[in-house]
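The structure comes first, followed by the notes.

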Amino acid sequence: MGSSEADEDQLLKSFLAEVSEAERDNEVLRILGCFKLNPFEHLKLSFDSSPDEVKKQYRKLSLLVHPDKCKHPQAQEAFAALAKAQQLLLDPQERGYILDQVTAAKEELRAKRKKELKKDSASKIKSLVDEGKYEEQFERSDGFQQQLIIKVREILTDKEWRRRKMQMRISEEEGRLKKDEEETKEMWKRKREHEEKWEETRDKRVSSWRDFMKTGKKVRMCIWQVVSSYA
């Protein structure tokens, strides 16, 4: 461990030693109250945070709510939520998916902003004169960042809802196919049982037919004899 890292580690330990139980409890409640689909919110990080920043922030917050350090009854749940958030943000595919939604949210907000500027001539002129700096400054503002967080929530919620509906439809289709398969198996089972039963009674049917033919022949002979006697 380098000198700067050791100093940072010591600083973190000193900070945690000064944190009160109430502050730990508040952090647990904050984490559990976060929007569940956005791991950046769990770790209190901006959308442009690097993987290294994710790791540092996770270490700081996880020590704050660690069940061995925090007495809050839901500390373990908050600790697990932080671990999940870090896992998602360090996974390139998961991180990329979330950042794609952030990009989509920015595009929507920029389109909305463009419409608003058309109505505000002064702001439009300033934006053109500053060659984009005016808009860059606006996007760094707390107001825009808050709008961005809300818009990202909306998009992630919509995506998750669509995913769940699709999953439900897939499950329903799988259930229907399974039912059809079971019904087909049952049909073939009944057919096979019928054929086996038919085969088992074959000798009996043949015997009965022979007996019937013999009895019928005798009856016909008797009738012929009676008829002949009257002739």
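Helix 2 (residues 21-32) packs against helix 5 (residues 75-90) at an angle of about 55°, with the axes 9 Å apart. Helix 2 is therefore oblique to helix 5. This is a predicted model: local features need pLDDT of at least 70, side-chain atom pairs count only at pLDDT 80 or more, and totals for chains, interfaces and linings use all residues. Residues are numbered from 1 along each chain as its sequence is written, and side-chain values use heavy atoms, with hydrogens and water left out.

**Helix 2 and helix 5**
- Helix 2 passes helix 5 in a left-handed crossing (the near helix is turned anticlockwise from the far one by less than a right angle).
- Val28, Ile31 and Leu32 of helix 2 meet Ala75, Glu77, Ala78, Ala81 and Leu82 of helix 5, where contact means heavy atoms within 4.5 Å.
- Helices are DSSP runs of H or I with at least four residues, numbered from the N terminus.
- Axes are lines fitted to C-alpha atoms over the stretch in contact, and angles run from 0 to 180 degrees between N-to-C directions.

**Cysteines**
- The structure holds zero disulfides (pairs of cysteine sulfur atoms within 2.5 Å).
- Cys34 is buried at 12% relative accessibility, and Cys70 is buried at 3%.
- Buried means under 20% relative accessible area (1.4 Å probe, protein chains only).

**Lys151**
- Lys151 lies in helix 9 (residues 142-200) and is buried, with a relative accessible area of 17%.
- Leaving aside residues up to four places away in sequence, Lys151 touches Ala105, Glu108 and Leu109.
- The C-alpha atoms of Lys151 and Glu108 are 8.4 Å apart, across 43 residues along the chain.

Note on methods
Helix = DSSP H or I, 4+ residues; strand = E, 2+ residues; numbered from the N terminus. Parallel < 35°, antiparallel > 145°, perpendicular 65-115°, else oblique. Buried < 20%, exposed > 50% of the residue type's maximum accessible area, 1.4 Å probe, protein only.
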